[in-house]
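Open the model in your viewer and keep the selection panel at hand. The tour goes stop by stop.

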Amino acid sequence: NYFINRGVLLSLVLFYFSMFFAMFTHLAELYLQSINAFKFVALRQILEKAAAIVCGAILLLLWPRLEMVFLAILFSQIVSIGYYYFKVLPFRFRLVLNWQRTKELFIRGLPFLFIGIFVSLYARIDMVMLRYFGSFEAVGWYGTAYKFIDLAGLFPSLFIASIFPIISSLYNNPAAGEQFSQFFRKSLRI
């Protein structure tokens, strides 16, 4: 927690940048999944994990600190973006910054930002309140029970993520209209 231990600031910054780069990787993966190019996604995951392990092992041997773990994760994300950019994607990303458009999008996105913040606070404020009403043990038991609720939502999201490429390819193929309808109905039954 940053407010309790301010020594983790560099780790948080490195984690932020690695998640920032992970969003670009995820966007590229969405494109590749939409064209059913799963081979490149699998190769990227192997390459990313190998880069994180090798870089992390070297950095931790030289400097055994928490920041080195996040630096290895950041390096693996940069390797992933480089793989997609130079080897896989038929188009190139260009960062074009239009300040007027950025300001407009930021203002229009503020309601979604506040909704996300309030939902996050609402979903976890009960544990903070339990800390003051009960003991840390009660918070632990409550958090453990809450993990089961989180786990219940995991399986439907995994199922949807696994059938989405098939449904999208069938939907875009006019000749597979009946096959799309059957697959869609069967997947809804599950």
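Helices here are DSSP runs of H or I with at least four residues, numbered from the N terminus. This is a predicted model, in which local features need pLDDT of at least 70 and side-chain atom pairs count only at pLDDT 80 or more, while totals for chains, interfaces and linings use all residues. Residues are numbered from 1 along each chain as its sequence is written, and side-chain values use heavy atoms, with hydrogens and water left out.

**Stop one: a pair in H2**

Select glutamate 48 and arginine 44. They form a salt bridge, with the closest N and O atoms 1.8 Å apart. A salt bridge is a side-chain nitrogen of Lys or Arg within 4 Å of a carboxyl oxygen of Asp or Glu. The two residues are 4 apart in helix H2, so about one helical turn separates them. Glutamate 48 has 10% relative accessibility and counts as buried. Arginine 44, at 6%, also counts as buried. (Buried is under 20% relative accessible area, exposed over 50%, partly exposed in between, with a 1.4 Å probe and protein chains only.)

**Stop two: H1 against H2**

Now show helix H1 (residues 9–34) and helix H2 (residues 38–62). Their axes come within 8 Å and cross at roughly 150°. Axes are lines fitted to C-alpha atoms, for helices over the stretch in contact, and angles run from 0 to 180 degrees between N-to-C directions. H1 and H2 are therefore roughly antiparallel, a label for angles over 145 degrees. Pick out the contact (heavy atoms within 4.5 Å): Thr25, Glu29, Leu32 and Gln33 of H1 meet Phe38, Phe40, Val41, Arg44 and Gln45 of H2.

**Stop three: H4**

Move to arginine 108 and glutamate 104. Both lie in helix H4 (residues 99–133), 4 residues apart, about one turn of the helix. Arginine 108 counts as exposed at 59% relative accessibility. Glutamate 104, at 30%, counts as partly exposed. Then return to Glu29, Arg44 and Glu48: salt bridges that share partners join them into one network. In total, the structure holds 5 salt bridges.

**Last stop: H6 and H7**

Select helix H6 (residues 154–172) and helix H7 (residues 177–189). They pack at about 165°, with axes 9 Å apart. That makes H6 roughly antiparallel to H7. Residues in the contact include Phe159 and Ile163 of H6, and Phe180 and Phe183 of H7.

Notes. Parallel < 35°, antiparallel > 145°, perpendicular 65-115°, else oblique.
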